[in-house]
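Have a look at the sequence and the model first, and then we'll take the parts in turn.

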Amino acid sequence: MLTIENLSKSFGGVAATNDVSLHFPKGSLSAVIGPNGAGKTTFFNLITGAFRPDKGRILLDGTDIAGLSPPEIVRRGIGRAFQIARIFPTLTVHDAILGAVQAHRHQHTVIGRRFPLPELEDRAAHVMQLAGLTSKAKIVSRNLSHGDQKLLDIALALVLEPQVLLLDEPTAGMGPEERWAMIDTVHRMWELERMTLIFIEHDMSIVFKIAQSVKVLSYGRVLAEGTPDEIRRHPEVIKAYLGDEFEAAHA
Amino acid sequence: MSARSSLLRDSLIAIAAFLVLAALPYIFPSKGFTDFVVRLAAFGIFATSLNLLVGYSGMESFGHGLYFGLGCYTFALIMQNFAVSIPVAFLLTIFLSILVAVVVGSICVNLSEIYFAFLTLAFQMLLHSLIIAWTPITGGDQGLTGGIPRPPFLGIRLDNYYHLYLFSSGLLVVCLLAMHHIVQSPFGYTLRMIRDNVSRAPFLGINVFRVRLMAYVIAGAFGAVGGIVMSLFVSGAFPDFAYWTISGEAIFMIMLGGLTVFLGPLVGAVMLLLLNDVVTKLTSHYGIVLGGIILLFALGLRKGVLDFVADMWRDRRQATLSAENRSEVAASAKPAVAAGE
């Protein structure tokens, strides 16, 4: 269970996140939406320790993790993937995922043994299968397609067996078919691993199809939150983000 | 290949390499040849240790010569001033180098590329200035002359040039084996991850500072071993071994031989030392010729010799894998997921 209380962060007088309070129940699937510059990625950066909040609390199962470093937050069970896939370009898919597994299992500074550690192979194979990357295990990551690089980025986070997984625009830069294949994969991962999944997305058809709840940010503040049906009819959300055309199309 | 069998294979290769090196003086019975290999051992260990930072960790140190100079001077000073055996002086030198590396590394490893490069260089030049200024201890710009005592140990007499040759060759082989094991360990792969994407690693739970510091200290310790071999070779120590150009030479060796292949720096050391020996005999304008050759590699190949060969092999292998993957995907293609269904 992840609870955000009065979270704020400013950059040079601009409030990127302003007194945000949100609740994400254990095992839920939530979307964070909002116009560009609404503070969605900053919100993720605050939760994962990339930025230190000016004020507020981030409670993971009741423990405040605000201000901890990214590795400490990862160790407490929060994983993330990035808007622009952050992978390890010279490593093969297998080696990158196994590298993440060994980091998760505190084996990444072992010098006395050889890579790969056989006892970690099962977890790596499981995650590659979940992400649909098994057949690409020996391909060097930089040679993967854009979609597969995004999948690898997500798989790297999934390796960590996170309680909470944050995905920043998992379908960014993809064509319609590839986008839905990605969402199917993400949805399958969520069903199988039962983690709390929070994703940022601009494609409203995806958001309203798979999210259990939707949080809308605008100018760093929470504009609205609710079920997809509540959000698509919310007048302020329509005005600030969805637009009248969206309302007419989905009436 | 399993981890155990790959370690066994490496060990067998190392033993074979040592036996070949041991036999070579009987084929090339000249002092010039044995001297070349001893210098190669010193620079080969040194350049490979620098490549632990540059090639495997993405930390471009311009001041790795700090450890070459420190190893050289510390070993020579201990041998000249204390009645200790060579192994004791060796271990004390490594211990001191590790201490210095912990302090310098703690200050430097979290810095971004250019700041890391120049601060490490600054620390090296600090040592050089200390050597020049502290004349009563270090001999100043004349260096530590007068030779160093070489008491026999375990039947090894390092005042005998063949014994020194065997000892240096053995150290080269052992150090390369150890460093190769390190880069093939889980830690070595963590270094590659940090090199590839330093901003992603913390989000996998990796403490980048700690891992980088470990790499820096390990590289410093091996760099000092290179300095010890050089100290034994010249029977003393000279300020040039701590000057910035020594770091530059190691970088040239990596550039010539290649930084993505483990033996690249060793191959680069062979090339640079040969160039040095040949070109200095032919012309006094050594720097111009060497600079031209470096430019040829930098602008022509855009990589070291072994990088060039390895990249051709890797590209071919990846093209085959990608083609196989496309065929598999095409064969198993199912009707696409209906968009938005």
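## Ground rules

Two strands pair if DSSP finds at least two bridges between them. Helices (H or I, at least four residues) and strands (E, at least two) are DSSP runs, numbered from the N terminus. This is a predicted model: local features need pLDDT of at least 70, side-chain atom pairs count only at pLDDT 80 or more, and totals for chains, interfaces and linings use all residues. Residues are numbered from 1 along each chain as its sequence is written, while chains are lettered from A and ligands numbered from 1 in the order in which they are written.

## The six-stranded sheet of chain A

Let's start with chain A, where six strands make an open sheet with mixed pairing, in the order S6-S7-S8-S3-S9-S10. At the edges sit strand S6 (78-81) and strand S10 (221-226) of chain A, each pairing on one side only. On average, neighbouring strands of this sheet are turned by 20° against each other, direction ignored; axes here are lines fitted to C-alpha atoms, for helices over the stretch in contact, and angles run from 0 to 180 degrees between N-to-C directions.

Something also packs on this sheet: helix H1 (residues 40-47) of chain A, which touches strand S3 (29-33), S6, S7, strand S8 (196-200) and strand S9 (213-218) of chain A. Two residues are in contact if their C-beta atoms, placed from the backbone, lie within 7 Å. The direction of H1(A) makes about 150° with that of S7(A).

S6(A) runs parallel to strand S7 (residues 164-168) of chain A, and four bridges join them.

How many residues of S7(A) are buried? Five of its five are, so to speak, tucked in by the burial count, where a residue is buried if 20 or more other C-beta atoms lie within 10 Å of its own, exposed if 12 or fewer, and partly exposed in between, with C-beta atoms placed from the backbone. Both faces of S7(A) are covered, with A:Val164, A:Leu166 and A:Asp168 on one side and A:Leu165 and A:Leu167 on the other.

Next comes S3(A), which is joined to S8(A) by four bridges and runs parallel to it; A:Ala31 has A:Phe199 as its bridge partner in S8(A). S3(A) also pairs with S9(A) in the parallel sense over four bridges, and here A:Ser30 stands opposite A:Ser213. Four of the five residues of S3(A) are buried, so this strand is largely enclosed by the rest of the structure.

## A second sheet in chain A

Chain A also has an open sheet of four strands, with antiparallel pairing and the order S2-S1-S4-S5. Strand S2 (14-24) and strand S5 (63-64) of chain A each have a single partner strand, so one side of each is left without a neighbour in the sheet. Strand S4 (residues 55-60) of chain A pairs with S5(A) over two bridges in the antiparallel sense, and the bridge partner of A:Leu59 in S5(A) is A:Asp64.

H1(A) turns up here too: H1(A) packs on this sheet, touching strand S1 (2-11), S2 and S4 of chain A, and its direction makes about 65° with that of S2(A).

## Where the chains meet

The contact between the chains takes 42 residues from chain A and 34 residues from chain B. On the chain A side, the elements giving two or more residues are helix H2 (70-75), helix H3 (93-104) and helix H6 (176-193) of chain A. H3(A) gives the most, with six residues.

The chain A side divides into 20 nonpolar, twelve polar and ten charged residues. Ala, Val, Leu, Ile, Met, Phe, Trp, Tyr, Cys and Pro count as nonpolar, Asp, Glu, Lys and Arg as charged, and the others, Gly among them, as polar.

## A look at chain B

Chain B is divided into domain 1 (3-303) and domain 2 (308-341), with bounds that come from an automatic or database domain assignment. The C-alpha centres of these two domains of chain B lie 41 Å apart.

Helix H3 (residues 65-81) of chain B has 14 of its 17 residues buried, so H3(B) is largely enclosed by the rest of the structure.
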